[in-house]
Amino acid sequence: MSTIWEDVTFEKRESLQGLEVADCTVIGAGLAGVLIARELQSRGFSVVVLEADRVCSGATARTTAKITSQHGLIYNRISRQIGKTQARLYYESNQKAIDRYEEIIKAYGIDCDFKRLPSYVYSRSNVYNLLQETLSATNAGAKCRYTKDTSLPFGIRGALRFEDQAQFHPLKFAKALAKNLKIYEKTPVTRIEDGKVLTQSGEVRTQYIVCATHYPIINIPGFYFLRQHQERSYALALSSQTKLDGMYLGIDDGHSLRSFDGGIILGGEKHRTGKNTKGGCLCRLKDFASENFEGAEILGSWSNQDCITHDGLPFIGRYSRFSPRFFVATGFNKWGMSLSMVASELIADMICGRKNEYEKLYTPARMNIRAGAGGFLLDAGSSAYHLISGLVSKKERKCPHLGCRLQKNPDENTWECPCHGSGFDKTGQVKFSPAKKNIEKKQG
Ligand SMILES: Cc1cc2nc3c(=O)[nH]c(=O)nc-3n(C[C@H](O)[C@H](O)[C@H](O)COP(=O)(O)OP(=O)(O)OC[C@H]3O[C@@H](n4cnc5c(N)ncnc54)[C@H](O)[C@@H]3O)c2cc1C
């Protein structure tokens, strides 16, 4: 079964053959790449987008497409670990991103089921964290309130409601923007040199490069493989009659709910990639669906993964201190709809030499030691363990990215890297980056 967004088909594009010249080259045509390219083009730059596969065939094709500034319990986390000013900036930038979606949709006349709705985080057990989040979000300037009143079909202890949020059909939106962009498909970027982006069959001479490949494709400099891991979650589209007045996320049960034209999308059962070796995630999600949405038919079923950073903030800005004209947008922590929009404005401002008040908050060069040290040590430890396991074991399947030992995910019948999130189907073909190559045949 597949996602419910696949009713949209994109026009097919040629692959790059030979030489191209452009002011800016965007690598990756997911939502982030498309939005960044659109913004740069609207500011007068010539832009070329290079896509390894097809437009929006990656994480964007399997999202649940809530456009929100409410990202779990982020405001309490940022306020405590980074600072209250940063929490306010985070809210402001994401809230502006929602408004920007509406502006663009109106300006282009895009029919993409965009709907303004409130969003909620709810708890079915302890409300202590929810109350703390209410305080931190209020201090950050969020238009929000604590409530017990929701349209969920099950009982809750409490919820935090954010006003002026939105949801949409991500592929209808992206298709309308992609139409006006110069995109080459089936064109994986293999190398980047000063002023050049190289593929197997061509190259682009360019001044500015933006890496919007979900997981960054260059290991050094940048070292993103040490600073983020990936998490996978599962989703079901249900033909339920239940009417939801907003979008929901459970902070204790981890379930995500929103409506769509035809029913409800239910998401959840997240795990770090490579950590579902016994399986059962999809079954548990189906059990939850039949308990709470009686008689609902399953119209679609899919899974998706996203990059999770140590401090909960994405990396948007210069790829590294040594690359003044090379930019990156990654680490969206499963909130890539609003954050891709934030990235499009921030990166375009940086390229134009304009001041942007969110640059410091999202810079990949930041060192939020208090917020990030625990996650960094955990990720580094896990990488070291799986890398050594991969080195000492001759029999185990290894990831072509950095050699870590792969783990089976029985729910998907795939092999996953627990360190960096690469994924392979049962025949060893690469499905999820950062790996670029298939598993070698002799590994089986
Ligand atoms: C289960 C789940 C639910 C989610 N729901 C939401 C939600 O409700 N709201 C929200 O805000 N966010 C949500 N997200 C997160 C969101 O879907 C992602 O953050 C977002 O789609 C990422 O977009 P992207 O453009 O960075 O990546 P992608 O869409 O993956 O695009 C990257 C593109 O780069 C291409 N590429 C890779 N390598 C190369 C190369 N070498 N050369 C050229 N191209 C390359 C890929 O083929 C791909 O097309 C969810 C995530 C998950 C896991």
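Which residues does the domain assignment of the chain give to domain 1 and to domain 2?

**View 1. The two assigned domains of this predicted model.** Domain 1 takes in residues 4-63, 172-226 and 312-369, while domain 2 covers 371-439. Taken over C-alpha atoms, the centres of domain 1 and domain 2 are 24 Å apart.

**View 2. Where domain 1 meets domain 2.** Here you can look for nine residues of domain 1 in contact with twelve residues of domain 2. Interface size is often expressed as the accessible area lost when the parts come together. Between domain 1 and domain 2, about 910 Å² is buried, and carbon and sulfur atoms give 54% of that area. On the domain 1 side, Y215, F225 and L226 lose the most area to domain 2, together 48% of what that side buries.

**View 3. Polar and charged features of the interface of domain 1 and domain 2.** Three residue pairs are in polar contact across this interface, both partners being at pLDDT 80 or more. The side of domain 1 that touches domain 2 is made up of five nonpolar residues, three polar and one charged.

View 4. Now to another part of the chain. Just after α2, have a look at G83, which takes a positive phi of about 155°.

Methods: Residues are numbered from 1 along each chain as its sequence is written. This is a predicted model: local features need pLDDT of at least 70, side-chain atom pairs count only at pLDDT 80 or more; totals for chains, interfaces and linings use all residues. Side-chain values use heavy atoms; hydrogens and water are left out. Helices (H or I, at least four residues) and strands (E, at least two) are DSSP runs, numbered from the N terminus. Domain bounds come from an automatic or database domain assignment. Contact means heavy atoms within 4.5 Å. Buried area is the accessible area (1.4 Å probe) that two parts lose on being put together, summed over both. A salt bridge is a side-chain nitrogen of Lys or Arg within 4 Å of a carboxyl oxygen of Asp or Glu. A polar contact is a pair of N or O atoms within 3.5 Å; within protein, one must be able to donate a hydrogen and the other to accept it, and residues adjacent in sequence count only if both atoms are side-chain atoms. Ala, Val, Leu, Ile, Met, Phe, Trp, Tyr, Cys and Pro count as nonpolar, Asp, Glu, Lys and Arg as charged, and the others, Gly among them, as polar.
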